[in-house]
Amino acid sequence: MDVVVATASALAMDAFSVSLGAGACRCGMPVRQILRMAFMFGFFQFAMPLLGGFLGATAVSFVSAWDHWIAAGLLWFVGGNMIFESLKPNKDCSGLDTAKTRVLLGLAVATSIDAMAVGFSTATLGESVMPLALAAGVITYLLSVFGAMAGCRLGSVTGHRAEMLGGLCLCLIGLEILASHMNWI
């Protein structure tokens, strides 16, 4: 069970980082919006391992060949947009507006693609994917709520640079995903 919790916690770190950035960028985000974001992140972290465990070897071999590029690309797109928006005068922090469903959905998918591969790996070992999926969903939800709230405090310290910092973090997460899948690190 310790391995399940450790794996689920590791899978939740991307969503936590995004939540931290969203909270920093959108200090005063309504609780309803924080809970919606946390639910979306938690749901995808729950569903993707199940999807990975369900997919057949052919589909997973195709997805696993591209999952790191898809996740990195989505994170770079959102992160780059945040950086671009942070450089504009009178910026409105729209680069990480989790109130927009398409932005939230893109972030939820980008931060959970690796969970699909972990679910597939778990299933190929003959173990049940459900404990991992449940742990990943719950831990991601809780860390996302905490990240959004802590991000507000971070945003008050970093001021107008919070969106740039969040964008840089997303780009670095994308680079780390790509580097680890390409065996650069």
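Analyst: Gln33 counts as buried because its relative accessibility is 14%; buried means under 20% relative accessible area, exposed means over 50%, and partly exposed lies in between, all with a 1.4 Å probe and protein chains only. Gln33 is found in helix α2, which is the part taken up here. The model is predicted, so local features need pLDDT of at least 70 and side-chain atom pairs count only at pLDDT 80 or more, while totals for chains, interfaces and linings use all residues. Residues are numbered from 1 along each chain as its sequence is written, and side-chain values use heavy atoms, with hydrogens and water left out.

Some context for the helix comes first. The protein chain has 7 helices and 0 strands, where helices are DSSP runs of H or I with at least four residues, strands are runs of E with at least two, and both are numbered from the N terminus. Read along the sequence, the pattern is α-α-α-α-α-α-α. Of the 185 residues in the chain, 44% are buried.

Helix α2 covers residues 31-54, which makes 24 residues. From its first C-alpha to its last, α2 reaches 34 Å, close to the 34 Å expected at 1.5 Å a residue; the expected span is 1.5 Å times one less than the number of residues. The buried residues of α2 are Gln33, Ile34, Met37, Ala38, Met40, Phe41, Gly42, Phe44, Gln45, Met48, Pro49 and Gly52.

What does Gln33 touch beyond its sequence neighbours? Leaving out residues up to four places away in sequence, Gln33 touches Asp97, Thr98 and Ala99, a contact being heavy atoms within 4.5 Å. Such links between separate parts of the sequence can also be counted for the chain. Among contacts between residues at least 6 apart in sequence, 86% join residues at least 24 apart.

Met29 lies in the loop between α1 and α2, and Met29 counts as buried because its relative accessibility is 10%. Apart from its neighbours within four places in sequence, Met29 is in contact with Ala22, Gly23, Ile34 and Thr98. Ile34 is one of the buried residues of α2, and Thr98 is also touched by Gln33. With a relative accessible area of 64%, Gly28 is exposed. The C-alpha atoms of Gly28 and Met149 are separated by 8.7 Å, although these residues are 121 residues apart along the chain.

The chain has 3 aromatic pairs, where rings of Phe, Tyr and Trp (its six-membered ring) pair if their centres lie within 6.5 Å; planes under 30 degrees apart count as stacked, over 60 as edge-to-face, and the rest as tilted. Phe39 and Phe43 form a stacked pair, 6.1 Å centre to centre and 20° between the planes. Both lie in α2, 4 residues apart, about one turn of the helix. An α-helix has 3.6 residues a turn, so residues three or four places apart point the same way.

Phe43 also pairs with Phe44, this time edge-to-face, at 5.7 Å centre to centre with 90° between the planes. How do the accessibilities of these two compare with the cut-offs: buried or partly exposed? Phe43 counts as partly exposed because its relative accessibility is 40%, whereas Phe44 is buried at 15%. Together, the ring pairs link Phe39, Phe43 and Phe44 into a cluster.

To sum up the helix, α2 has 24 residues.
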